[in-house]
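Please report on the pockets and backbone features of this model. Keep the account brief.

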Amino acid sequence: EVPPALILPVGQNYTARWIQTDRAVNHLGNMMMYNFSESAGYSWYNDEFLYLASSSTFYDRVFDEAYYFALKQYHKLDQLEGEEFAAYVGIGKIMKAYTFQILVDFYGDVPYFNALEGSSNPNPTYDDAQSIYDDLIVQLTAAIGLLDQAAENTLSVLPGDDDAMFGGDLDAWKAFANTVKLRILTRESDVKDAAYITAELAVIAAEGSGYITEDVTVNPGYSNQEDKQNPF
């Protein structure tokens, strides 16, 4: 039995590593955009700079580590039972949506609706990318509702210092959820009916928390002390 306060920071740390590690999400994106280069005489990233992407091993860690590290933790939060855990369930849903949105942008169809079921379903089906995107909007809306519910319940178990992103600030989490929504809607704007995009933007506006206006970082308390420094 692991309390949510020990699950959340582990998931967040995995997310930071997934985004920032060598040959991970941001690394590949920056090389594909030629924001990154390398010193003359070195050829560590030859396949990337020549756009030689294989179907089997090219940046497979982006796919693999999303599922067996970060998403595994957020799914545990999403599955918590009891109204007192509404805040953690909501945060779990938001971080799952954040992760799956990136996976869809990388790969298109990915395991989603029956993914993360462990040994009970070791071969989940690959779901349609558009169907996943549509459900992510639904999950983010539900997550915001859960955060509102948590704020109103005096018996709620709320995150604090264990939340390495927002320190337990539920309003910031709602703004982050709206921002992930906005990213999804922006991606969809060329392929979805304009009325759908307009309606979902109106939902965000009516909710009232707005969007994130500053960098979102994962910082569990790094300091200039041995074994407490940022891995960079």
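Which helices each supply at least two residues of the lining of the largest pocket? They are helix H1 (4-20), helix H5 (86-107) and helix H7 (170-188). The model is a predicted one.

**Pockets**

The largest pocket has a volume of about 670 Å³. Its lining counts 23 residues, and the closest to the pocket centre are Ala16, Ile19, Gln20, Val216 and Val218. H1 provides the largest share of this lining, six residues. By class, the lining of the largest pocket holds 13 nonpolar, eight polar and two charged residues.

The second largest pocket has a volume of about 350 Å³. It is lined by 15 residues, of which Tyr67, Ala115, Leu116, Glu117 and Gly118 are the closest to its centre. Helix H4 (residues 60-78) gives the most to this lining, with six residues. The lining of the second largest pocket divides into eight nonpolar, four polar and three charged residues.

| Largest pocket | about 670 Å³ | 23 residues | H1, six residues |

**Helix H6**

Helix H6 covers residues 129-152.

Aspartate 128 caps the N-terminal end of H6. One of its side-chain oxygens lies 3.2 Å from the backbone nitrogen of glutamine 130.

Which residues of H6 are buried? They are Ala129, Ile132, Tyr133, Asp135, Leu136, Ile137, Leu140, Ala143, Ile144, Leu146, Leu147 and Ala150. The cover over the buried residues of H6 includes the helices H5, H7 and H8 (194-207). Strand S1 (110-111) and strand S2 (126-127) are also among the covering elements.

**Positive phi in loops**

Tyrosine 34 is not a glycine, yet its phi is positive, near 60°. It sits in the loop between helix H2 (25-32) and helix H3 (46-49). Is tyrosine 34 buried, partly exposed or exposed? Its relative accessibility is 47%, so tyrosine 34 counts as partly exposed; that class lies between the 20% and 50% cut-offs.

Leucine 116 is another residue other than glycine with a positive phi, about 65°. Leucine 116 lies in the loop between S1 and S2.

Notes: Residues numbered from 1 in each chain as written. Predicted model: local features only at pLDDT ≥ 70, side-chain atom pairs only at ≥ 80, totals over all residues. Heavy atoms only, no water. 1 Å grid on protein atoms, 1.4 Å probe; cavity = no way out; pocket = protein on both sides within 12 Å on 5 of 7 lines; lining within 4 Å. Points joined across faces, edges and corners; volume = space filled by probe spheres on them. Helix = DSSP H or I, 4+ residues; strand = E, 2+ residues; numbered from the N terminus. Nonpolar A, V, L, I, M, F, W, Y, C, P; charged D, E, K, R; others polar. Expected span 1.5 Å × (residues − 1). Buried < 20%, exposed > 50% of the residue type's maximum accessible area, 1.4 Å probe, protein only. Contact = heavy atoms within 4.5 Å. Polar contact = N/O pair within 3.5 Å; in protein donor to acceptor, adjacent residues only side chain to side chain.
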